[in-house]
Amino acid sequence: MADLMNNDVFLAFSTYATIVVLKMMFMSPLTGYFRITRKAFSNWEDTAMGKKNPEDRKKMLQTNPDVERVRRCHQNDLENIIPFVVIGLLYAFTGPDLSTALLHFRVFVGSRFIHTVSYVLALPQPSKGLSWVVGMITTFSMAYRVLTTALLL
Amino acid sequence: MADLMNNDVFLAFSTYATIVVLKMMFMSPLTGYFRITRKAFSNWEDTAMGKKNPEDRKKMLQTNPDVERVRRCHQNDLENIIPFVVIGLLYAFTGPDLSTALLHFRVFVGSRFIHTVSYVLALPQPSKGLSWVVGMITTFSMAYRVLTTALLL
Amino acid sequence: MADLMNNDVFLAFSTYATIVVLKMMFMSPLTGYFRITRKAFSNWEDTAMGKKNPEDRKKMLQTNPDVERVRRCHQNDLENIIPFVVIGLLYAFTGPDLSTALLHFRVFVGSRFIHTVSYVLALPQPSKGLSWVVGMITTFSMAYRVLTTALLL
């Protein structure tokens with residue numbers, strides 16, 4: 001174990017993976033914030049906050065475009081950040097140069113922060129599309145190294 | 001490798017991560033159970049079970065509140081259990097005390113079982129909300145240790 | 001670190017995990033392909049491609065059965081491939097025979113390729129259901145070994 005904590009590439013991976021997973025987790029309270037301010041819930045038991053009138057509560061069982069936008073952004077995070085974490089961990093074990101590894105981790109994590117801002121604020125394309133593609137390419141580049149270094153079929 | 005299997009914190013992580021991932025996987029057959037008993041499917045090819053009449057089959061392409069509830073619970077698991085697994089693995093490598101690590105793993109896994117029961121049975125709030133928050137705080141606490149122990153930006 | 005890269009089971013896991021995660025990532029551009037060819041988008045800012053007329057753009061904010069099918073397949077991947085990756089990694093650390101491990105990894109990854117083809121082409125059941133069940137059983141089998149080898153509650 002101590003071995004891993006003395007390995008700079010593994011430390012860098014731990015740092016960036018934790019940061020980008022925390023960013024992904026932040027989408028949950030953000031969804032909650034929009035649900036509460038837009039009064040838009042999915043579950044009957046979630047509409048009880050303060051209101052007791054069943055009619056008022058029924059109106060809160062609605063979809064809201066701001067809530068749905070944050071949820072789509074969260075889903076896109078799941079679809080992209082989890083592959084990065086899995087492939088990034090295996091990549092760290094292939095023993096890349098620290099500078100090359102840092103470049104991959106920084107570009108990926110940076111691209112996902114730009115993606116989230118672009119998505120949540122609905123910035124004009126190609127900001128969202130481009131940041132998504134950059135993240136994908138970074139993960140592909142690490143997958144290429146894993147498959148060329150560790151291939152055992 | 002043998003090194004890792006002699007490390008109690010890693011063994012504890014393996015145990016609790018496997019249990020909570022199995023719990024998450026259980027949501028899939030539960031969705032299937034509700035789809036079949038409520039006759040509510042998303043795909044035309046899934047409606048062929050026993051029925052041949054196209055009219056009967058078309059009626060089964062519907063959404064059902066019980067199915068949607070289980071699916072939302074499953075989605076919440078993906079959004080919370082996967083961050084726990086990623087950050088928990090990195091946390092195990094930082095060499096925490098076994099008792100502290102066990103506390104984190106037990107609280108998180110316990111909170112997710114309570115969350116699932118609260119969600120599926122639609123128990124009144126704050127049972128679902130509170131168990132979700134407790135799980136989030138546990139993961140944040142482990143992330144804090146990872147970033148203060150292994151930071152390399 | 002070098003230790004892990006000399007371990008054949010870990011190399012096999014790295015290879016198959018990377019392949020099946022890349023397969024999962026491939027669902028994103030496939031969704032994009034169907035969104036563009038079916039002109040079906042979720043976000044206003046995504047409809048600007050070539051079109052400037054707001055009326056034409058508004059029509060593109062629609063759901064499409066082909067897009068939804070690929071998205072459901074992607075979701076099923078998240079729900080099944082991520083548990084495989086987590087449990088498969090812990091399984092690799094329990095020191096199984098290479099041949100047994102390879103059997104698990106090959107059956108799982110094969111089942112998910114069959115699942116994707118069955119889902120996207122809407123092949124008649126039980127092709128999709130059976131490939132899903134085979135993948136689940138493979139992951140359960142690895143989880144069983146993890147819990148019987150590494151149990152520390």
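Predicted model: local features only at pLDDT ≥ 70, side-chain atom pairs only at ≥ 80, totals over all residues.

Biologist: How many cavities of 30 Å³ or more does a search of the whole structure find?

Modeller: The search finds one. The space inside this largest cavity comes to about 240 Å³. The word cavity applies because a 1.4 Å probe fits at its points but cannot get out.

Biologist: Which residues lie nearest the centre of the largest cavity?

Modeller: Those are A:Leu89, B:Val85, B:Leu89, C:Val86 and C:Leu89, out of a lining of 18 residues. To count as lining, a residue needs an atom within 4 Å of a cavity point.

Biologist: And which helices supply the lining of the largest cavity?

Modeller: Helix 4 (65-93) of chain A, helix 4 (65-93) of chain B and helix 4 (65-93) of chain C each bring at least two residues to it.

Biologist: What classes of residue make up the lining of the largest cavity?

Modeller: The lining has 18 nonpolar residues, with no polar and no charged ones.

Biologist: Let's turn to chain A and chain B. How many residues of each are in contact?

Modeller: 34 residues of chain A are in contact with 35 residues of chain B. Contact here asks for heavy atoms within 4.5 Å. About 2800 Å² is buried between these two chains, and carbon and sulfur atoms give 72% of that area.

Biologist: What makes A:Glu45 and B:Arg69 a salt bridge?

Modeller: Their side chains meet at 2.8 Å, N to O. The cut-off is 4 Å between a side-chain nitrogen of Lys or Arg and a carboxyl oxygen of Asp or Glu, so this pair qualifies. The count between chain A and chain B is three salt bridges, and the rule also finds 10 residue pairs in polar contact across this interface.

Biologist: Which elements form the side of chain A that touches chain B?

Modeller: Helix 1 (2-5), helix 2 (8-37), helix 4 and helix 5 (98-120) of chain A give two or more residues each. Helix 2 of chain A gives the most, with 17 residues. By class, this side of chain A has 22 nonpolar, eight polar and four charged residues.

Biologist: How do you know that B:Lys128 and A:Asp46 form a salt bridge, and why does the pair join two chains?

Modeller: The N to O distance between the two side chains is 2.9 Å, and the limit is 4 Å, so the label holds. B:Lys128 sits in helix 6 (residues 127-150) of chain B, while A:Asp46 is in the loop between helix 2 and helix 3 (54-59) of chain A, so the pair joins two chains. Over all chains, the structure holds 21 salt bridges.

Biologist: What does the interface of chain C and chain A look like in contacts and buried area?

Modeller: Here 34 residues of chain C are in contact with 35 residues of chain A. The buried area is about 2800 Å², with 71% from carbon and sulfur atoms. The count is three salt bridges, and C:Glu45 and A:Lys128 meet in a salt bridge at 3.3 Å, N to O. That distance is within the 4 Å cut-off, so this pair qualifies too. There are also 10 residue pairs in polar contact between chain C and chain A. On the side of chain C that touches chain A, helix 2 of chain C gives the most, with 17 residues.

Biologist: Now the backbone. What kind of peptide bond joins A:Gln125 and A:Pro126?

Modeller: A cis peptide bond, with omega about 10 degrees. A:Pro126 is found in the loop between helix 5 and helix 6 (127-150) of chain A. In chain B, a cis peptide bond joins B:Gln125 and B:Pro126, with omega about 10 degrees.

Note on methods
Residues numbered from 1 in each chain as written. Chains lettered and ligands numbered in written order. Heavy atoms only, no water. 1 Å grid on protein atoms, 1.4 Å probe; cavity = no way out; pocket = protein on both sides within 12 Å on 5 of 7 lines; lining within 4 Å. Points joined across faces, edges and corners; volume = space filled by probe spheres on them. Helix = DSSP H or I, 4+ residues; strand = E, 2+ residues; numbered from the N terminus. Nonpolar A, V, L, I, M, F, W, Y, C, P; charged D, E, K, R; others polar. Buried area = accessible area lost by both parts, 1.4 Å probe. Polar contact = N/O pair within 3.5 Å; in protein donor to acceptor, adjacent residues only side chain to side chain.
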